[in-house]
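Morning, everyone. Let's get the structure up on the screen and walk through a few of its parts.

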Amino acid sequence: MRPSSTSRVSRVRAGFVLVALAAIAAGTPSAPCPRGLRYVTRAGKKLVYLNEVARVYNLRLRKAGQKNLSLSSRWSRLLFRENSRELTFNGVRVWLNAPLYRAGWRHALDYADACWTLDPLLRRYAHLQRLRCRRVVLDPGHGGRDRGARGRRGVEEKAVVLDIARRVRVHVANAGLKVYLTRESDRYLSLDERVKKAARWNADLFVSIHANATVGRRGRGVETYVLAMPGFPSTNDGHRRRRGYSVYRGNAWNGANLVLAYFIQKALLDYTRAPDRGVRRSRFYVLKEAPCPAVLVECGFLSNTYEEEKLLTATYREKVARGIASGILQYADAVREAARGSARVSR
Ligand SMILES: [Zn+2]
């Protein structure tokens with residue numbers, strides 16, 4: 001392994017200073033990369049070899065078939081695929097910023113994924129320190145003249161997501177957290193008004209709730225979005241890395257966003273048994289501008305007849321709501337634990 005040159009190190013430091021500045025501007029801390037994690041530079045990319053990840057986190061690196069690799073411990077199992085952005089963490093799909101590269105006989109991750117995807121999953125408390133989780137803002141998408149997606153049987157996204165948000169509120173409020181809804185009725189609300197409300201309420205957490213639609217009818221499953229990282233494409237974009245993907249306010253909570261999304265996606269899968277489309281990355285307005293850790297949940301596809309039928313039933317909407325609520329409450333527990341100063345490797 002070639003050690004990084006000083007200029008490269010200082011460039012990385014400059015990168016961190018930027019992220020740290022963004023975090024300070026937003027009034028919250030950002031967690032550092034684990035101390036001692038070494039990277040190399042190849043063709044302009046900062047990479048971390050998987051055996052280096054294994055060393056730092058005390059994981060076992062193994063080949064799992066032709067193109068798959070696994071990193072595992074008693075508590076965690078990560079599965080990677082060569083040239084793919086797909087990672088499976090303890091059975092849940094999480095999309096990386098960049099694909100797993102092959103560098104000679106070894107495999108490597110982008111440095112940003114090591115610090116802001118793997119680290120929040122493996123050391124979640126480090127990313128939740130000094131955060132609170134007392135005021136939860138739920139944001140049912142669309143409303144009024146903006147109907148959102150529409151199923152073939154006429155189910156409208158705006159109605160489905162309002163019902164789900166109300167159900168989530170019951171469970172989260174029962175656990176003693178304060179819950180606000182950006183809209184209580186079928187009325188139009190701009191994206192800007194939604195994040196402004198969250199700021200006014202001093203939100204500690206923002207969860208936008210939506211349902212999907214595609215042109216085809218085959219798309220199925222649940223997915224949870226976090227704000228994409230500066231410099232990297234959205235999950236739904238191609239692999240190409242472009243310049244100009246700026247830093248947004250929401251990037252101050254990259255680590256916390258990922259922890260929250262993971263808990264919600266995992267719980268949603270447990271409650272609904274729906275196909276796992278994973279924790280994904282995008283630049284939705286509410287994620288860019290939220291004043292706190294934020295995710296956007298897509299609860300299912302109205303364009304898919306099977307899922308539309310399910311979302312028509314109160315029983316299924318209740319399952320979705322319990323999943324989202326359970327994810328929020330697990331996140332709240334983790335934030336409390338982090339506040340107690342627990343910095344042990346998480347499960
Ligand atoms: Zn929507």
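Strands here are DSSP runs of E, at least two residues long; helices are runs of H or I, at least four long; both are numbered from the N terminus. Two strands count as paired if DSSP finds at least two bridges between them. Strands of a sheet pair through backbone hydrogen bonds, either parallel or antiparallel.

Before we go on, this is a predicted model: local features need pLDDT of at least 70, side-chain atom pairs count only at pLDDT 80 or more, and totals for chains, interfaces and linings use all residues. Residues are numbered from 1 along each chain as its sequence is written.

Strand 1 and strand 2 (residues 45–49) run antiparallel, joined by 3 bridges. There, arginine 42 stands opposite lysine 45 in strand 2.

Contact means C-beta atoms, placed from the backbone, within 7 Å.

Next, a hairpin. Strand 3 (residues 60–63) pairs antiparallel with strand 4 (residues 68–72) over 4 bridges. Lysine 63 stands opposite leucine 69 in strand 4. The hairpin has 4 residues between its strands, and glycine 65 takes a positive phi near 90°.

Last, two helices. Helix 7 (residues 254–272) packs with helix 10 (residues 314–339) at about 145°, axes 7 Å apart. The contact residues divide into 12 nonpolar, 5 polar and 4 charged. Nonpolar means Ala, Val, Leu, Ile, Met, Phe, Trp, Tyr, Cys and Pro; charged means Asp, Glu, Lys and Arg; the others, Gly among them, are polar. Phe263 and Leu268 are among the residues on the helix 7 side, and Ile324 and Tyr331 are among those in helix 10.

How far apart are the end C-alpha atoms of helix 10? They are 37 Å apart, which agrees with the 38 Å that its 26 residues should span at 1.5 Å a residue. That expected span is 1.5 Å times one less than the number of residues. Just after helix 10, glycine 341 takes a positive phi of about 85°.

Note on methods:
Axes fitted to C-alpha atoms, helices over the stretch in contact; angles between N-to-C directions. Contact = placed C-beta atoms within 7 Å.
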